[in-house]
Amino acid sequence: MTATYDFEAGQGETFDRTVTWEINDVPVNLTGYTARMQIRKTHRSTSPLVSLTQASGLTLGGSAGTIQIVISATATAALTAGRYVYDLELVSAGGVVTRVLKGSIEFTPEVTR
């Protein structure tokens, strides 16, 4: 079952959150998994505004089941303030794709620039 969580972040600040994938309150061992996440204006938008992978923005914590999500201050500053949608998928070594997290992310306007 996919968890739903809504985030809030400020334009121009580094977004840095860590989540844990658990099944029955036990962290899933993410060794051998890859991760991907996209943020889009709407579910039907053709192009992502932000696209994260393990090479850029996502870090998996192995047996701890953690997933660190980082979006740079430069990237958040480039986004128009507003509410967007996202999802986070994990891909097992065997190629099974699991969407573990979905929801909205709201970027609030930056005052100090």
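Trainee: What is the relative accessibility of Glu106?
Mentor: This is a predicted model: local features need pLDDT of at least 70, side-chain atom pairs count only at pLDDT 80 or more, and totals for chains, interfaces and linings use all residues. Residues are numbered from 1 along each chain as its sequence is written, and side-chain values use heavy atoms, leaving out hydrogens and water. Buried means under 20% relative accessible area, exposed means over 50%, and partly exposed is in between (1.4 Å probe, protein chains only). Glu106 counts as partly exposed because its relative accessibility is 27%.

Trainee: Which residue forms a salt bridge with Glu106?
Mentor: A salt bridge is a side-chain nitrogen of Lys or Arg within 4 Å of a carboxyl oxygen of Asp or Glu. For Glu106, the closest N and O atoms of the pair are 2.9 Å apart, and the partner is Arg83.

Trainee: How many residues apart in sequence are the parts tied together by Arg83 and Glu106?
Mentor: Strands (E, at least two residues) and helices (H or I, at least four) are DSSP runs, numbered from the N terminus. Arg83 lies in strand E10 and Glu106 in strand E11, so the parts tied together are apart in sequence by 23 residues.

Trainee: How many salt bridges does a search of the whole structure find?
Mentor: Besides the pair already named, Arg36 forms a salt bridge with Glu89, with the closest N and O atoms at 2.7 Å. That pair links distant parts of the chain, strand E6 and strand E10, 53 residues apart. Asp87 and Arg99 form another, at 3.8 Å between the closest N and O atoms. The number found in the whole structure is 3.

Trainee: Which residues touch the most other members of the largest nonpolar core?
Mentor: A nonpolar core is a set of buried Ala, Val, Leu, Ile, Met, Phe, Trp, Tyr and Cys residues joined through side-chain atoms within 4.5 Å. The largest one has 26 residues. Elements that give two or more residues to this core include strand E2 (7–10), strand E6 (34–40) and strand E10 (82–91). The members that touch the most others are Ile39, Ile67 and Leu90.

Trainee: Which residues does Thr98 contact, leaving aside neighbours within four places in sequence?
Mentor: Contact means heavy atoms within 4.5 Å. Thr98 is in strand E11 (residues 97–108), and its relative accessible area is 27%. With those neighbours left aside, Thr98 is in contact with Trp21, Leu88, Glu89 and Leu90.

Trainee: How far is Thr98 from Met1 in space, C-alpha to C-alpha?
Mentor: In sequence, Thr98 and Met1 are 97 residues apart. In space, their C-alpha to C-alpha distance is 9.0 Å.

Trainee: Is Thr76 buried or exposed?
Mentor: Thr76 is found in helix H1 (residues 73–77). Not counting residues up to four places away in sequence, Thr76 touches several residues, including Gly10, Phe15, Ile71 and Phe107. The relative accessible area of Thr76 is 0%, so this residue is buried.

Trainee: Which residue has its backbone oxygen at 2.8 Å from the side chain of Thr76?
Mentor: A polar contact is a pair of N or O atoms within 3.5 Å; within protein, one must be able to donate a hydrogen and the other to accept it, and residues adjacent in sequence count only if both atoms are side-chain atoms. A polar atom of the Thr76 side chain lies 2.9 Å from the backbone nitrogen of Gly12. The backbone oxygen reached at 2.8 Å belongs to Glu13.
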